Structure formats: structure tokens, C-alpha cells
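Please read the points below against the sequence and the model.

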Amino acid sequence: MPVHAEKSIISAALLGWYDVHARSLPWRIPPARDIRPDPYRVWLSEVMLQQTTVAAVKSYFAAFTDRWPTLADLAAADDADVMAAWAGLGYYARARNLLACARAVMRDHSGKFPQTYAVLRDLPGLGDYTAASIAAIAFGEAVAVVDANVERVMARLCAIETPLPKAKAEIRAHLEPIVPSARPGDFAQAMMDLGATICTSRNPTCAICPLMDVCAARKQGIAETLPIKPVKTTKPERHGVAHWIERDGQVLLVRRPEKGLLGGMRALPGPDWALVDAPPLADQVIVRVRHVFTHFRLTLDVMACPVGQDAEQQGEFWPMEQLDAAGLPTLYAKAVTAILAQRTYNVG
Ligand code: SF4
């Protein structure tokens, strides 16, 4: 379908729908207002929303903006406080990049976010999507913003049958010409909302879609088959070991190396997972937890260990009744919860 020819029809229909049906989100300005949202809030929400649902992000967004209401506040924050506040949200490289980006904006741009996609793209941790969404939503630049929801809507609107990820270039080529110069930020958010609420992966509700008259996939009856996903590969299995080292109602926590998975986060001590190729004997294990990372599945066995002479140099002893304030990432929080639950059960 020559979508370019439908440009004005698509943006008018989509924006008209968005004016009535926009999702109300804490980082948003309601549509059709002549006010631009705070770029700090747009940036923070977009970084948090990568690989994470809106429902999960809301409470983190509230906590971060309460504690660090401005970019300057966040840039001046202690790394450990930010990593702890991010705990549970996953993909911890995002938190490290968040700090690096906040500090780069303070240092290199006098504390103000650059206003164009091209300059935003050079900031630490800002990929195509985040740079484009800030440029469009906070500064009104007419750029294409492509997340998974937008990919789905566009693949269907244009009946793109090339499988992902190869289809990405095609999707972008179709989207760029239809981004309107007026309200590009609302247009981007309208696309995202349409994908999240109507043009859903399963059972898209085409009958109430504002784009139904121009949608090629609907006309061909192939909407639900698009976009064509890549064939899923099985994730490799890995084993990890963690040590439970307890003293006077406290347990030893360490900080993981800055680089690598869960970098900079608090954790239970233990050998590098890459070096563990076989699980320990079952009678040595007090708790076994499983966790799925992006590229592998991990089985983590926690073993009770005596306090070593160098324990104080390894990390810090943390009161057991305050472990929920330690900012442990989900994997270790699961292990700690299981151990404490086991202990309550045994005492009870
Ligand atoms: S008509 Fe259906 S498939 Fe097409 S964009 Fe709308 S909801 Fe998606």
C-alpha cells in the first residue's frame, strides 16, 4: 500500500483517536495541550520502559522522581543509592547508563538535554528509540519512534511480511514519511497506545481501530499473523553458586563488579557463574532458585558457609531483618526470601 499517499489520513485519524483515548501515564502531558513535558521525566520513563511493562515502571518512576526530582539531583546522587533504587527493575546496565547520561548532560550540556535526535543519540546509553522518543515527545522533532508496539502496528498497516528483525528497516522506511510535522510527539505516543490497547499481539480489535480503513493487513485478513517473529532459540542453561555467610543476625553481602551482568549491584558472595560448570552436592544446598536472563537460564544454589577471616574485606554484614532495604536484584532477592521463609517455617 502506498502509505505515503495516506499520510494525512493516517495522522488525522490517529491523533483524533489519541485525543480521546490516550492512556493517562504519570510521565505524560495529556494530548493536544500546548505544553511540552519535562525532558527529564520523558527520558527517565523511556529508559525504565525498555524491556519493562508500564505497570511495573509506575512505582519506580514515582520513587525516582520523588527522591531525585530533577536531572541535577540524579546526577549528584550516590551510585549505590541509584543502583539500590533500581533493584527489581532488571537490566541493570540501564541504571549505570542513567547515571552516566545524567552526568554527561550536566557536564557537557549545561544541565539541559540537547533538543535534537542527532545530538541526543550521542549521549551515553541512548539508543535510537530513546533518543527519538525524547526528541519527538519533549522537543517536537518530527522523527520516527519505533518500539515493539509501533513495529506491530506498522507491519500490519503496511502488510509487511518480511520476518523480524529484517523487517525493521522496511517498517522504518514506511513510518518516516508519515510522521507529521505538527504534533510528532503525540503521533508517536498515539502509535504506542494503539499497539498497546487495540492493535495487540493477539486478537487485535480492528473493528474499533481508527486505522481500519487504511490497514492493508486487515483488508487481507492477515492482521494476527503479523509481524512475523524470528524463530525462538532455546536459552542455554547455566549454574551459579552463592554463599550464605551469617554472623550475629547479619549476612554478608558483596558488591558485584561494575562491568558485567548485575554490575555494581549488591549480591550474596560466590564464585563467578562462568566458572561453575556443575552444581554442588544437594546436601550442601540450602536453597535453589531459578532465574531467566535475556540470554540464558540460571540455576543458583545457595550454600551455607562459615565466616572467613577476610569476610570484612569482601563486603558488608547486613542485618537480616533489613534485607529488603539492601537493593538486591531479583535473583538474590528470590534467594534471600526463600531462605528467610524456610527459617520462619522451621522455627514455627
Ligand atoms: S486495523 Fe487491525 S491490524 Fe490494522 S492497525 Fe488497526 S488494529 Fe491493527
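1. Pro165 lies in the loop between α9 (148-157) and α10 (167-175); helices here are DSSP runs of H or I with at least four residues, strands are runs of E with at least two, and both are numbered from the N terminus. Leu164 and Pro165 are joined by a cis peptide bond with omega of about 0°. The model is a predicted one, in which local features need pLDDT of at least 70 and side-chain atom pairs count only at pLDDT 80 or more, while totals for chains, interfaces and linings use all residues. Residues are numbered from 1 along each chain as its sequence is written, and side-chain values use heavy atoms, with hydrogens and water left out.

2. A cis bond is also found from Leu226 to Pro227, where omega is near -10°. Pro227 is placed in the loop between α12 (216-220) and β1 (237-247). Most peptide bonds are trans, and most residues other than glycine have a negative phi.

3. The loop between α9 and α10 also holds Ala159. Ala159 is not a glycine, yet its phi is positive, about 50°. With 16% relative accessibility, Ala159 counts as buried (buried is under 20% relative accessible area, exposed over 50%, partly exposed in between, with a 1.4 Å probe and protein chains only).

4. Asp248, in the loop between β1 and β2 (250-255), has a positive phi near 50° and is likewise a residue other than glycine. Is Asp248 buried or exposed? Asp248 is exposed, its relative accessible area being 71%.

5. Helix α6 runs over residues 93-108, 16 residues in total, and spans 22 Å from first to last C-alpha, close to the expected 22 Å (1.5 Å times one less than the number of residues). Its buried residues are Arg94, Ala95, Leu98, Leu99, Cys101, Ala102, Ala104 and Val105. These pack against α2 (39-49), α3 (54-67), α4 (71-75) and α5 (79-86), contact meaning heavy atoms within 4.5 Å.

6. Around the ligand are Arg156, Ile198, Cys199, Cys206, Cys209, Met212, Cys215, Arg218 and Ala223, each with a heavy atom within 4 Å of the ligand. By class this shell has seven nonpolar residues, two charged and no polar; Ala, Val, Leu, Ile, Met, Phe, Trp, Tyr, Cys and Pro count as nonpolar, Asp, Glu, Lys and Arg as charged, and the others, Gly among them, as polar.
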